[in-house]
Amino acid sequence: MVKGNSRAVDMMIYVFLAFIAFLSMAPVLNTLAISFSGKIAAMSGEVYFWPVDFNLNAYKSVISDRGFFVSFGVSIKRVLLGGAINFVITILMAYPLSKSGKFFPGRNIYMWFIVFCMLFSGGLIPWYMTIYTFGMLDTIWALVLPTAVPVFNVILLMNFFKGIPKELEDAANIDGAGPWKTLILIFVPVSTPALATVTLFSIVGHWNSFFDGMILMQHKENWPLQTYIQQLIISVNSIMNTTDPEEIKRLSNMSSQLLNAAKVMVSMVPIMLIYPFLQKYFVSGIVLGAVKE
Amino acid sequence: MRSRSFVWNYHVMLLPGILLLIAFSVIPMFGIAIAFQDFQPTLGIFHSEWVGWDNFSYMFSLPDSKLIFVNTLTIALMKIAAGLIVPFVFALLLHEVYHVKFKRTIQTIVYLPHFMSWVILSGVLVNLLSLDGLINQMIKWFGGDPIMFLQSNSWFRAIIVSSDVWKEFGFSTIIYIAALTSINTNLYEAAAIDGATRFQRLRHITVPSLMTTIILLATLALGNVLNAGFEQILNLYNPIVYQTGDIIDTYVYRAGLLEIQYGLATAVGLLKSLVSFLLITISYVLAARFANYRIF
């Protein structure tokens, strides 16, 4: 690579990029600082990026909040069960679809069917009615089965499988391995980056979704964490149909800014924990999965 | 012979996924019938009264219809434009960085918001934009009057678009960076030997090599002109800003699940599904024809 010919321009670019990176973290840092601050300081807006009157009271209240932990548990359960289902389904679908129509007649029909399901939907109400009719409301299955087929991930892994040398599969077949053995013993082990990518996408997806929990779970104790937080924090904002500043102040105090900041922070922890792994794989995974036919 | 048993196994592998798609994608498609019924949950889809196009004509008679359509289109188009330009510029700047560690640190930070849910980011935004929040503290510090951003129709769309940029711009640069790394470095060296300035290299090598990518992304974005961001808006809006922020998806949610007008909500949703499907299909056909782009 040719070196830039002016240090000044370099400097400006570096400073600008660092500033943008800081800006994109600033809102989160502000919330983090508030969550560790004293109540009065937080409410009067004295907190910027460093806690004022440092204390752990908000986190102590989160720990004693039973509803928070029940929802945390629902989310963990959902991620484990939903992630496992996504993993198996994605592998099982991606492998046959990575075969050409010549070796697998019907492959293209399946492909069109899957793409059609991805692009067209009956809309929210029929979807809700279907799950209601299946009697799945208020069960964990409502959170993991409708999202069981992550079509985008299937396509990504399928494209990765297509790039695996044919000789590898031929050799396995000559040694007597059928499709199942070939898939499990050859394809899965050599696809670690792509599998890590799709798995992390599905974990993040399950952890982050709140809307299905909100409409499909009628009892509080079945809410996943994001739904719980949505109901407690965000809905206070939406019921603020008043422009009276005093009234708004009263409402936002009621929602206890401090406690909410702490809850938001705690719910970020799992994502932050898997983020290093995400980082490592997703760039290569996406680029590899996007190769053209 | 062996290949025939292989094919049979392929069908078996696909079976669970196909069954799940039938249960949760195809069966709901038949629920479209609700759009043509005066649907009563107690009677179900088979016994509710058929009303023909009544739900659709009612929909077009509502003054809200035009509003939500305009809001959806405006917000979505602003997001598409910002979502194409900001990552493009950011990728160009990042490409000028030779310090690998610095580059990677910046990338790590700006990708992060993409992995946070709208619930979490809205929690953060509500905090930030509140009357005592950081932004209003800064406005006061500069001598201005505090603004109730999330209760203001003149600010709401700007907040929606800019917070969407905040969440996605970093992650969206990945695709540009992938295109940039495939540029042959010989081009830069040859240009440098010929005496091209840094800006000339940017203008004549880097930018043209990204043109295919940006045209492709713009084409694929066509499928999103009716997607203004349901989860984001649901978490940030309130009745005061319905006028500028209520979109098709939030309307369907309220009309259908909160006000129990199933027929109307299904009709609105169906219309959106159909138009979106048409637009996505067109965009894929265009992308395949002109950029030779096929993902499946």
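At what angle do the axes of helix 4 and helix 11 of chain A cross, and within what distance do they come? Some notes on that and on the rest of the model follow.

1. Ground rules. This is a predicted model, where local features need pLDDT of at least 70, side-chain atom pairs count only at pLDDT 80 or more, and totals for chains, interfaces and linings use all residues. Residues are numbered from 1 along each chain as its sequence is written, while chains are lettered from A and ligands numbered from 1 in the order in which they are written.

2. Confidence. The model scores ipTM 0.89 and pTM 0.89. Chain B has a mean pLDDT of 91, with 99% of its residues at 70 or more; pLDDT is the predictor's confidence in each residue, from 0 to 100. Helices here are DSSP runs (H or I, at least four residues), numbered from the N terminus.

3. The opening pair. In chain A, the axes of helix 4 (residues 66-97) and helix 11 (residues 192-208) come within 9 Å and cross at roughly 145°. Axes are lines fitted to C-alpha atoms, for helices over the stretch in contact, and angles run from 0 to 180 degrees between N-to-C directions. The crossing of these two chain A helices is right-handed, where right-handed means the near helix is turned clockwise from the far one by less than a right angle, and left-handed anticlockwise. On the helix 4 side, the residues include G82(A), G83(A) and F87(A), and on the helix 11 side they include S202(A), I203(A) and W207(A). This contact of helix 4 with helix 11 of chain A divides into five nonpolar, eight polar and one charged. For the classes, Ala, Val, Leu, Ile, Met, Phe, Trp, Tyr, Cys and Pro count as nonpolar, Asp, Glu, Lys and Arg as charged, and the others, Gly among them, as polar.

4. The chain interface. Which residues count as in contact? Those whose C-beta atoms, placed from the backbone, lie within 7 Å. On that basis 85 residues of chain B are in contact with 91 residues of chain A. Helix 1 (residues 2-30) of chain B gives the largest share of chain B's side, 17 residues. By class, that side has 56 nonpolar, 23 polar and six charged residues.

5. Domains of chain A. Chain A is divided into domain 1 (1-55) and domain 2 (62-289), with bounds from an automatic or database domain assignment. Seven residues from domain 1 of chain A and seven residues from domain 2 of chain A make the contact. On the domain 1 side, helix 1 (7-35) and helix 2 (39-43) of chain A each give two or more residues, and helix 1 of chain A has the largest share, four residues.

6. The axes of helix 10 (residues 198-221) and helix 14 (residues 262-291) of chain B come within 8 Å and cross at roughly 160°. These two helices of chain B are therefore roughly antiparallel (over 145 degrees; under 35 is roughly parallel, 65 to 115 roughly perpendicular and the rest oblique). Their crossing is right-handed.

7. Helix 14 of chain B, another partner. Helix 3 (residues 54-61) of chain B packs against helix 14 of chain B at about 80°, with the axes 9 Å apart, so the two are roughly perpendicular. The contact has six nonpolar, two polar and no charged residues.

How values were computed. Two residues are in contact if their C-beta atoms, placed from the backbone, lie within 7 Å.
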